[in-house]
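Dear colleague,

I am handing over the structure we spoke of, and I would be glad if you could look it over alongside the notes below.

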Amino acid sequence: MHTDEPMTSGRPEHPAPGLPGDLPTHHVEAAELVRRHLVVLRGGVLFLSSRDGAALVKWLDDGVPVARILYALEIAAERRRRRSDRAPLQLTHASRYLGRERVLVVDEPAPALVADADAHVSLLRWLDDIGRPLCAERFPTRFATLRSQVAGLPSRSPRALAAHVIGLLAEFQGQCWEDLGDAGRTVYERAALAGLGDLADLFAEDEIATLTEEHARGLFRAGLVGLDAAAVLHVVGL
């Protein structure tokens, strides 16, 4: 049985702060998937602002695919990192990318991928061809778990499958970030702080810490070339 709804690893009983309390169950699940994606991109414990919550509900009511929202968030995060933007990433920053054609956010284009009739086969082939060389040495156990999770997903529509795989990728990236340990993360944090340059002098200590972590996480993800939402959408043909 196919379904267009995202499936989370632990369905929340109540909407996150910033969302109305009478949301349909599938909206609550989608909002949690988006919130967790923001956590991976920004760091910290995120709660949706009322503005972000209103935007998300409108997108979901308008039928914007969850996979497209997650993709737009990744584009917004990467472009803001490259510009050394001064404000932390918010959900509304993704709005301009919701309707655009897909563009890869990495400097080098990923190899062309031909979607198989079976999306699962295509996704597993993509993980083996693109992900394994990147992760086999540094994160072999995490990667094996990711591949098993993707292989074990139930049959579903391409939109729902894409949303869930992008969510699993975000989980994987967040876990790998933590696995780096303090020493490993410090390398990226120092590079991020250097990239901010004199802008760092304009912020309070807690503000610069938030921005530095967001940019550092972006630098780490940039090293996992081709393991992103754009690639997932391409593989499943969306």
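Predicted model: local features only at pLDDT ≥ 70, side-chain atom pairs only at ≥ 80, totals over all residues.

Helix α1, residues 25–42, spans 26 Å from its first C-alpha to its last, which is close to the 26 Å expected for its 18 residues at 1.5 Å a residue. Because 15 of those 18 residues are buried, α1 is largely enclosed by the rest of the structure, and it is followed by Gly43, whose phi is positive, near 90°.

Helix α1 packs against helix α6 (residues 158–179) at an angle of about 35°, the axes lying 9 Å apart, and the crossing of the two is left-handed. On the α1 side the contact is made by Leu33, Arg36, His37 and Val40, while α6 contributes residues including Ala163, Ile166 and Ala170; the residues of this contact divide into five nonpolar, four polar and two charged.

Turning to charged pairs, the structure holds 12 salt bridges. Asp128 takes part in a salt bridge with Arg132 at 2.7 Å, N to O, the two residues lying four apart in helix α4 (residues 119–135), about one turn of the helix. Asp128 also forms a salt bridge with Arg147, where the closest N and O atoms are 2.8 Å apart; this pair links distant parts of the chain, since Arg147 belongs to helix α5 (residues 140–151) and is 19 residues away from Asp128.

In another salt bridge, Lys58 meets Asp62 at 2.7 Å, N to O, and both of these residues are exposed. Finally, Glu178, Asp182, Arg185, Glu213 and Arg217 are linked in a network of salt bridges.

With best regards

Key
Residues numbered from 1 in each chain as written. Heavy atoms only, no water. Expected span 1.5 Å × (residues − 1). Buried < 20%, exposed > 50% of the residue type's maximum accessible area, 1.4 Å probe, protein only. Axes fitted to C-alpha atoms, helices over the stretch in contact; angles between N-to-C directions. Left-handed = near helix turned anticlockwise from the far one by under 90°. Contact = heavy atoms within 4.5 Å. Nonpolar A, V, L, I, M, F, W, Y, C, P; charged D, E, K, R; others polar. Salt bridge = Lys/Arg side-chain N within 4 Å of Asp/Glu carboxyl O.
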